[in-house]
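Dear colleague,

I am passing the structure below on to you, and my notes on it follow. Please read them with the model open beside you.

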Amino acid sequence: RTVDDRVAGVVFTFLDITERKQAEEARMWLSAVVSATSDAIISFALDDTILSWNNGAQRLFGYATDEAIGRPMSMLVGDGAEEQQWVMAEIAAGRGVENLETLRRRKDGSQVQVALTVSPIKDAAGHVLAGTAITRDITASRTAAEALRQSEERLRLIVESAVEYAIFSTDLERRVTSWNAGAERLLGFQTQEMIGQSADIIFTPEDKASKAPEKEASTARQEGRAADERFHMRKDGSRFRGTGIMMLMRNEAGEAVGFVKILRDLTRAEPAPDAK
């Protein structure tokens with residue numbers, strides 16, 4: 001915008017450059033962010049040609065900027081040619097692709113697991129001019145997730161193989177959430193019978209009357225664990241003397257979420273009395 005000020009026949013013209021300065025500052029700020037981020041940010045033409053290449057792209061893929069610009073995006077795809085064609089078709093149609101977990105190829109030929117988000121770049125009229133891809137290396141998180149999965153699987157196998165021990169978990173209200181093969185063998189209840197049911201069912205009537213299940217859970221909640229040696233009830237009404245421990249379970253945030261109980265049969269060491 002301009003403002004004319006006429007004084008003594010002289011015309012002064014002032015140019016308002018506030019908006020231009022703001023736009024330039026925003027451009028410089030955005031450029032700094034793009035340059036500093038660890039994510040690979042790449043812009044590309046509709047013919048798949050790379051137009052821009054940030055520092056994150058250099059670190060992730062190993063190509064210097066002058067090696068990448070002008071070359072096709074498909075050089076990063078490896079064996080995923082069909083996937084790349086689909087992504088380019090989505091961009092050409094004005095649609096984006098969010099958090100696509102896939103593989104990309106580095107300069108040295110190695111593959112990297114990434115999360116890919118691709119968006120179209122449009123002009124004021126809404127016409128697609130180009131595209132931009134943000135690529136994040138998720139190798140470490142995927143490796144950690146796989147390690148956790150394998151660890152959980154090993155633990156599951158250990159629990160299921162421990163047929164001499166009844167191992168089960170409950171929520172904070174003592175409702176059963178898991179029930180291993182040892183619990184089925186020792187207590188006589190099948191897993192499908194027990195899930196969602198109160199674990200108090202394995203206590204004798206007299207112990208339930210004296211609030212033994214509540215006291216055991218309270219001790220475990222306050223101290224983290226509670227030792228237990230008493231007579232318990234099987235599904236058929238028979239009794240056995242068992243020894244075990246109840247432990248408090250917490251989630252990643254440290255919040256109490258339930259209990260796990262491990263119980264072993266001591267009947268052979270001490271015969272059970274007649275049921276009352």
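Which residues are linked in a network of salt bridges? They are Asp207, Glu216, Asp228, Arg230 and Lys261, where a salt bridge is a side-chain nitrogen of Lys or Arg within 4 Å of a carboxyl oxygen of Asp or Glu.

Please bear in mind that this is a predicted model, in which local features need pLDDT of at least 70 and side-chain atom pairs count only at pLDDT 80 or more, while totals for chains, interfaces and linings use all residues. Residues are numbered from 1 along each chain as its sequence is written, and side-chain values use heavy atoms, with hydrogens and water left out.

Asp228 is buried at 3% relative accessibility, whereas Arg230 is partly exposed at 22% (buried means under 20% relative accessible area, exposed over 50%, partly exposed in between, with a 1.4 Å probe and protein chains only).

Glu216 also belongs to the buried residues of α9, together with Ala212, Pro213, Ala217 and Ala220 (helices are DSSP runs of H or I with at least four residues, strands runs of E with at least two, numbered from the N terminus). These residues cover an arc of only 130° around the axis, which puts them on the same side of α9; the arc is that of the directions from the helix axis to the C-beta atoms. The face turned away from this buried side carries the exposed residues Lys215, Gln222 and Glu223.

With kind regards
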